[in-house]
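Biologist: I would like to go through this protein step by step. Please show me the sequence and the structure before we start.

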Amino acid sequence: SGINAECHYGRGYLCSRLTPDMEARLSFLATQVKFGQHQRYQTWFSRRYFIGPESQTLVCDCIRYICGVIHPTNEMLNSNIVPRWALLGWPLTTITSNVMATQ
């Protein structure tokens, strides 16, 4: 007996434990926030969702969401919106578990 984490969705869906609110806030960060002003939003997100040792597993889901769902347009790439590399680096800095760091 154990937890079966398989997803039985179509190819266009990712299996994730992120709430719709978390997804919306990550999408907001990636599409509306200017580079240089993003740290305030990232700190707020971390304080709200990355609290307690059980939240460490959400970091991997956030990174998967940023990689798999957020695809900036050419217009966004040429703007001052937060680049994906900055969004990807931030959750990595919140990892405190050696086990989660290896995943």
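What follows is a set of questions and answers on a predicted model.

Biologist: How many helices and strands does the protein chain have?

Modeller: Read along the sequence, the pattern of the chain is α-α-α-α-α-α. The secondary structure therefore comes to 6 helices and 0 strands.

Biologist: What share of the contacts in the protein chain, at a separation of 6 or more, is between residues 24 or more positions apart?

Modeller: Contacts here are heavy atoms within 4.5 Å. Among those with a separation of 6 or more, residues 24 or more positions apart account for 72%.

Biologist: What length does α1 reach from its first C-alpha to its last?

Modeller: Helix α1 covers residues 20-32, which is 13 residues. At 1.5 Å a residue, 18 Å is expected. The span in the model is close to that, at 17 Å.

Biologist: Where on α1 do its buried residues lie?

Modeller: The buried residues of α1 are Met22, Leu26, Leu29 and Ala30. Seen down the axis of α1, these residues fall within an arc of 90 degrees, so they line one face of the helix. In general, an α-helix has 3.6 residues a turn, so residues three or four places apart point the same way. The answer for α1 is one face of the helix.

Biologist: Which exposed residues are on the face of α1 turned away from its buried side?

Modeller: To count as exposed, a residue needs over 50% relative accessible area. On the face of α1 turned away from the buried side, the exposed residues are Pro20 and Gln32.

Biologist: Which helices do the buried residues of α1 pack against?

Modeller: The residues in question are Met22, Leu26, Leu29 and Ala30. They pack against α2 (38-49), α3 (56-68), α4 (74-77) and α5 (84-93).

Biologist: What arc do the buried residues of α5 cover around the axis?

Modeller: In α5, the buried residues are Ala86, Leu87, Trp90 and Pro91. They sit on the same side of α5, because the arc they cover is only 130 degrees.

Biologist: Which residues are exposed on the other side of α5, and what is included in the cover of its buried residues?

Modeller: On the other side of α5, the exposed residues are Trp85 and Thr93. The cover of the buried residues of α5 includes α1, α2 and α3.

Biologist: How many disulfides does the structure hold?

Modeller: A disulfide is a covalent bond between the sulfur atoms of two cysteines. The cysteine sulfur closest to that of Cys60 is in Cys62, 9.3 Å away, too far for a bond. The number of disulfides is 0.

Biologist: Is Cys62 buried or exposed?

Modeller: A residue counts as buried under 20% relative accessible area. Cys62 has 0%, so Cys62 is buried.

Technical notes:
Residues numbered from 1 in each chain as written. Predicted model: local features only at pLDDT ≥ 70, side-chain atom pairs only at ≥ 80, totals over all residues. Heavy atoms only, no water. Helix = DSSP H or I, 4+ residues; strand = E, 2+ residues; numbered from the N terminus. Expected span 1.5 Å × (residues − 1). Buried < 20%, exposed > 50% of the residue type's maximum accessible area, 1.4 Å probe, protein only. Arc of directions from axis to C-beta. Disulfide = S-S within 2.5 Å.
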